[in-house]
Amino acid sequence: MTLLRLLFLSLLASHGFQEALSFTSPRGSSIISGAKGKSSSTASSTSTSLFGLRSTLVEIRNSLLSRDRTDSELKDGIAFFYDRSSKLWEDVWGEHMHHGYYVPENRTDHVQAQIDLIDEVLKWAGVPENGGENCPKKVVDVGCGIGGSSRHIVKKYEGCTAQGITLSPYQANRGNELAKEQGLAERASFQVADAMNMPFDDNSFDLVWSLESGEHMPDKAKFVNELLRVAAPGGRIIIVTWCHRDLEPGETSLSRKEERILKKINRAYYLPKWCSVNDYVQLLEKEGAVDIKREDWSYIIAPFWKAVIQSSLNVKSMMGLLKSGFSTIRGAYAMLLMLRGFNAGVIKFGLITCTKEKK
Ligand SMILES: C[S@@+](CC[C@H](N)C(=O)[O-])C[C@H]1O[C@@H](n2cnc3c(N)ncnc32)[C@H](O)[C@@H]1O
């Protein structure tokens with residue numbers, strides 16, 4: 001681990017500087033582009049460089065101290081992280097940015113395992129197969145990545161349409177591009193929007209789908225409230241998300257060692273404080289959701305992180321990683337922490353489903 005840390009810090013030293021410059025304002029008005037426009041001014045570029053160096057040092061310090069981010073730092077950081085890393089992920093892994101379904105556990109067809117995960121989750125949640133009664137007609141994909149789930153679901157269910165939201169402009173554009181290439185532009189569309197305040201009317205969707213995005217949400221109560229708000233009466237909500245283990249009776253928090261692992265992962269993947277599957281169930285109950293069901297699929301997805309780490313150990317991935325900059329390199333380092341968290345039993349791959357009460 002020490003060696004890996006050294007490698008990580010040296011990569012950080014060589015690549016962090018440029019990223020810190022552009023990260024200062026991730027929404028397009030980056031200091032680096034500002035500096036380009038005034039390249040003739042040595043004084044300006046010197047102060048920009050000093051500012052960039054300072055930002056880099058602050059970022060390194062915050063990473064080493066695993067400092068928590070504010071909600072607005074998180075929101076900008078998530079957009080920036082996925083803008084920067086989604087192309088590399090797609091080049092290596094394709095259009096699905098989530099775990100795979102490893103049954104049998106030694107399967108190596110990883111992309112198919114990811115597609116199977118979607119189908120198995122739908123089946124587990126009781127969503128009928130195509131042609132059955134009550135199959136989904138209108139889906140919202142909350143935290144859609146580049147839209148892999150939405151396109152799969154609309155292909156699976158005749159006449160179904162999907163709208164996806166993400167914080168990353170790159171992902172929304174790429175999602176729409178892929179929908180067009182696959183002849184699905186009329187049925188699947190993607191936009192930049194915040195799951196904490198969705199741009200949809202109440203009671204709009206008969207399937208509310210959130211696959212590995214809940215862990216990013218800074219206020220889980222508000223998140224759950226939004227999912228229920230946009231669901232149609234009788235509509236189904238499916239949340240598949242990283243959680244920490246349920247607390248034992250008498251426990252009031254995780255151990256300090258467990259907290260330390262999660263805090264480091266939070267810095268790398270732009271996550272706020274974690275919650276447990278139990279916490280989600282309680283929030284849903286409080287909101288009046290019915291038909292609540294939960295499950296832990298940590299054992300089913302277990303081989304995934306090893307496969308991701310292996311996939312990054314080749315020249316193409318390494319070069320892509322180096323080009324993608326500090327946040328992506330840090331994300332790669334955090335894969336080892338995810339593996340450690342799952343092995344230690346503190347990280348759980350949680351499935352929660354419920355329906356919105358029919359009035
Ligand atoms: C790990 S990716 C999962 C993508 C996709 N569900 C999939 O499985 O391919 C997490 C996604 O959550 C999105 N996300 C995180 N916080 C969000 C928020 N507050 N509003 C909307 N999307 C958000 C990110 O932009 C990203 O697209």
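## Ligand shell

H4, helix H6 (148-156) and S2 each contribute at least two residues to the shell around the ligand. Helices (H or I, at least four residues) and strands (E, at least two) are DSSP runs, numbered from the N terminus. This is a predicted model, in which local features need pLDDT of at least 70 and side-chain atom pairs count only at pLDDT 80 or more, while totals for chains, interfaces and linings use all residues. Residues are numbered from 1 along each chain as its sequence is written.

The ligand is surrounded by 23 residues, and the closest are His98, Gly143, Gly145, Ala195 and Ser213. A residue is near a molecule or strand if its C-beta atom, placed from the backbone, lies within 6 Å of it. By class, the shell has 10 nonpolar, 11 polar and two charged residues. Ala, Val, Leu, Ile, Met, Phe, Trp, Tyr, Cys and Pro count as nonpolar, Asp, Glu, Lys and Arg as charged, and the others, Gly among them, as polar.

## His99

The loop between helix H4 (71-93) and helix H5 (110-124) holds His99. His99 is buried, with 25 other C-beta atoms within 10 Å (buried means 20 or more, exposed 12 or fewer, partly exposed in between, with C-beta atoms placed from the backbone).

Leaving aside neighbours within four places in sequence, His99 is in contact (C-beta atoms, placed from the backbone, within 7 Å) with Leu117, Ile301, Phe304 and Phe349. His99 and Ile300 are 201 residues apart along the chain, and their C-alpha atoms are separated by 9.4 Å.

## Packing of H4 on H7

H4 packs against helix H7 (residues 169-181) at an angle of about 45 degrees, with the axes 7 Å apart. Axes are lines fitted to C-alpha atoms, for helices over the stretch in contact, and angles run from 0 to 180 degrees between N-to-C directions. H4 is therefore oblique to H7 (under 35 degrees is roughly parallel, over 145 roughly antiparallel, 65 to 115 roughly perpendicular, the rest oblique). Tyr82, Asp83 and Ser86 of H4 meet Pro169, Tyr170, Gln171 and Arg174 of H7. These residues divide into three nonpolar, two polar and two charged.

## The sheet

Seven strands form an open sheet in the order S3-S2-S1-S4-S5-S7-S6, with mixed pairing; two strands pair if DSSP finds at least two bridges between them. Strand S3 (188-192) and strand S6 (290-296) are the edge strands, each pairing on one side only.

Strand S4 (residues 205-211) and strand S5 (residues 231-244) run parallel and are joined by six bridges. Phe205 has Ala231 of S5 as its bridge partner. H7 packs on the sheet, touching strand S2 (161-166) and S3, and its direction makes about 165 degrees with that of S3.

Notes: Contact = placed C-beta atoms within 7 Å.
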